[in-house]
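The sequence and model come first.

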Amino acid sequence: METPATRILIVPASAPHANVISALHGLCFDDPWSRFTVRQVLAMPGAFGLLAVPEGYSVPETDLAGFVLVRLAAGECEVLSLAVGEAWRGRGVGRGLLDAAIDRARAAGATVAFLEVAEDNPAAQGLYRKLGFRVIGRRNDYYKRRHGAAAAALTYSLPLTP
Ligand SMILES: CC(C)(COP(=O)(O)OP(=O)(O)OC[C@H]1O[C@@H](n2cnc3c(N)ncnc32)[C@H](O)[C@@H]1OP(=O)(O)O)[C@@H](O)C(=O)NCCC(=O)NCCS
């Protein structure tokens, strides 16, 4: 039984996890990624994923607490997607995933991280600012919404010192 005290483990993602990643993505975003899209993302050169799973549960049978998908290229780390299930939010899971992804990127030689986030997403922006990310750009009408007007994206960046 999952409780607020359940320990969360961060483990590497691979192709068989595409289903559970896709399912959580669909719950968290207006533009759900199919399991095929997730598989394609994980298969891109330099891409990797990390999962947050409740201790004692096996993946992919269990629901995920969260995931992060990242791509490394030319010394840069791009955070492609990050999500934490609603029941697991506010417990440091998002921070743990992003910290682990940044550690791995730094170890692989990346010197800077980038990501995009909707301008109307204060939770994610709070997390990114807490980890030291700063806004470096804005893209109008970047995120199409199921309901209402499209939202702008803010581009955040973080230098990765060794
Ligand atoms: C954004 C998201 C990943 C945060 O995950 P989380 O596990 O709840 O975040 P954490 O508990 O690790 O929080 C770490 C820090 O982020 C910030 N933060 C988290 N939730 C916040 C909120 N609702 N409002 C403002 N800041 C928030 C805080 O600074 C927090 O530190 P604190 O707890 O010491 O105050 C999660 O809300 C989510 O999955 N949302 C839906 C999908 C999404 O928006 N993904 C990001 C797309 S770019």
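## Second largest pocket

The lining of the second largest pocket divides into 8 nonpolar, 2 polar and 4 charged residues. Here Ala, Val, Leu, Ile, Met, Phe, Trp, Tyr, Cys and Pro count as nonpolar, Asp, Glu, Lys and Arg as charged, and the others, Gly among them, as polar. The model is predicted: local features need pLDDT of at least 70 and side-chain atom pairs pLDDT 80 or more, while totals for chains, interfaces and linings use all residues. Residues are numbered from 1 along each chain as its sequence is written, and side-chain values use heavy atoms, with hydrogens and water left out.

The volume of this second largest pocket is about 200 Å³. Leu24, Leu27, Asp63, Leu64 and Gly85 are the closest to its centre among the 14 lining residues. Helix 1 gives the most to this lining, with 5 residues. A pocket is an open set of points on a 1 Å grid over the protein atoms alone, where a 1.4 Å probe fits, with protein on both sides within 12 Å along at least five of seven lines; lining residues have an atom within 4 Å of a point. Grid points are joined across faces, edges and corners, and a volume is the space filled by probe spheres set on the points.

## Largest pocket

The largest pocket has a volume of about 1,300 Å³. Of its 44 lining residues, Phe29, Leu82, Asn121, Ala124 and Tyr128 lie nearest the centre. Strand 4 gives the most to this lining, with 9 residues; helices (H or I, at least four residues) and strands (E, at least two) are DSSP runs, numbered from the N terminus. By class, the lining has 24 nonpolar, 8 polar and 12 charged residues.

## Nonpolar cores

The largest nonpolar core has 31 residues, and those with the most contacts inside it include Val68, Cys77, Tyr128 and Leu160. A nonpolar core is a set of buried Ala, Val, Leu, Ile, Met, Phe, Trp, Tyr and Cys residues joined through side-chain atoms within 4.5 Å. Helix 3 gives the most to this core, with 6 residues.

Beyond four places in sequence, Cys77 touches residues including Val70, Ala105, Val112 and Leu160, where contact means heavy atoms within 4.5 Å.

## Ser157

Ser157 lies in strand 7. Ser157 counts as buried because its relative accessibility is 13%, and buried means under 20% relative accessible area (1.4 Å probe, protein chains only). Leaving aside neighbours within four places in sequence, Ser157 contacts Val112, Ala113, Phe114, Gly132, Phe133, Arg134 and Ile136.

Methods: Buried means under 20% relative accessible area, exposed over 50%, partly exposed in between (1.4 Å probe, protein chains only).
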